[in-house]
Amino acid sequence: MTIKWFDEATQLLTRRVARGTSRRGFLGGLGTLLVGAGATTLLPVFRGGAFAQSSAGLQESGDPNSCEYWRHCAIDGFLCGCCGGTSSSCPPGTVRSDITWIGTCRNPTDGKDYVISYNDCCGKSNCGRCVCQRDQGDTPLYRPQSSNDINWCSGSQADMPYHCSLSVVIGVKE
């Protein structure tokens, strides 16, 4: 069963648009819209106020080279602290990946939840020491920013191998 009024309204609208525009004008406008929509992702975004407060006064306890360390609640890989770096800096000869996955971990010292940025360090072959796979908050690959199952080095500089992973506190969850 067809809806006659809908067909007539569609035909009337289509004819009105066809009389008022040309194909070139329509395609030019559509192209401008598509380019403009794609360019919006290139605009700079200030995310400095995205978290409640900085982690400057952060109090921590425990061994950062242990898989059970509170910051490693969503880590998957080799701990950089065991590979010549620290839990928040890459070892010499490696570079931090440009892209990251994030997690939220509870600090047992102060009882607060912190947003943790997990970065891969790239440039050398696998470290092979202190491997950890903790999947707290890990999501399927349809949310890649929260997945720890991706080689994040492949999105950085030209084909650099994965070496180890960092866990950097970027703010307090509120």
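Me: Over how many bridges do strand 3 and strand 4 pair?
Reply: Strand 3 and strand 4 run in the antiparallel sense. Strands are DSSP runs (E, at least two residues; helices are H or I, at least four), numbered from the N terminus. Two strands pair if DSSP finds at least two bridges between them. Here the bridges number six.

Me: What pLDDT do local features need in this model?
Reply: Residues are numbered from 1 along each chain as its sequence is written, and side-chain values use heavy atoms, leaving out hydrogens and water. The model is predicted: totals for chains, interfaces and linings use all residues, side-chain atom pairs count only at pLDDT 80 or more, and local features need at least 70.

Me: Which element has the highest mean pLDDT?
Reply: pLDDT is the predictor's confidence in each residue, from 0 to 100. The chain mean is 80, with 76% of residues at 70 or more. Among the elements, helix 2 (residues 23-39) has the lowest mean, 83. The highest, 90, belongs to strand 7.

Me: Which residue in the turn between strand 3 and strand 4 has a positive phi?
Reply: The two strands form a hairpin. Six residues lie between them. The positive phi, about 75 degrees, belongs to Gly111.

Me: Which residues make up the covered face of strand 3?
Reply: Ile102, Thr104 and Arg106 form the uncovered face. The covered face consists of Trp101, Gly103 and Cys105.

Me: With which side chain does the side chain of Asp113 make a polar contact?
Reply: Asp113 lies in strand 4 (residues 113-118). Beyond four places in sequence, Asp113 touches Thr104, Cys105, Arg106, Val172 and Lys173. A polar contact is an N or O pair within 3.5 Å; within protein, one atom must be able to donate a hydrogen and the other to accept it, and residues adjacent in sequence count only through two side-chain atoms. At 3.3 Å, the partner is Arg106.

Me: Are the rings of Trp70 and Tyr114 stacked, edge-to-face or tilted?
Reply: Rings of Phe, Tyr and Trp (its six-membered ring) pair if their centres lie within 6.5 Å; planes under 30 degrees apart are stacked, over 60 edge-to-face, the rest tilted. The whole structure holds five aromatic pairs. Here the centres are 5.5 Å apart and the planes stand at 55 degrees, so the pair is tilted.

Me: What about the rings of Trp101 and Tyr118: stacked or tilted?
Reply: Trp101 is in strand 3 and Tyr118 in strand 4, 17 residues apart. Trp101 has 1% relative accessible area and Tyr118 has 0%, so both count as buried (under 20%; exposed is over 50%, partly exposed in between; 1.4 Å probe, protein chains only). The centres lie 5.4 Å apart and the planes at 20 degrees, so the pair is stacked.

Me: Which strands stand at the edges of the open sheet?
Reply: Three strands make this sheet, in the order 2-5-7, with antiparallel pairing. Strand 5 (residues 120-122) and strand 7 share three bridges, and Asp120 stands opposite Ser165. Each edge strand has a single partner, so one side of each lacks a neighbour; the two are strand 2 and strand 7.

Me: How far apart in space are Leu79 and Leu166?
Reply: Leu79 sits in the loop between strand 1 (76-78) and strand 2 (95-96). At 1% relative accessibility, Leu79 is buried. Leu79 and Leu166 are 87 residues apart in sequence, but C-alpha to C-alpha the gap is 6.7 Å.

Me: What is the phi of Cys130?
Reply: Cys130 is in the loop between strand 5 and strand 6 (131-133). With a relative accessible area of 29%, Cys130 is partly exposed. Most residues other than glycine have a negative phi. Cys130 has a positive phi, about 55 degrees.

How values were computed:
Contact means heavy atoms within 4.5 Å.
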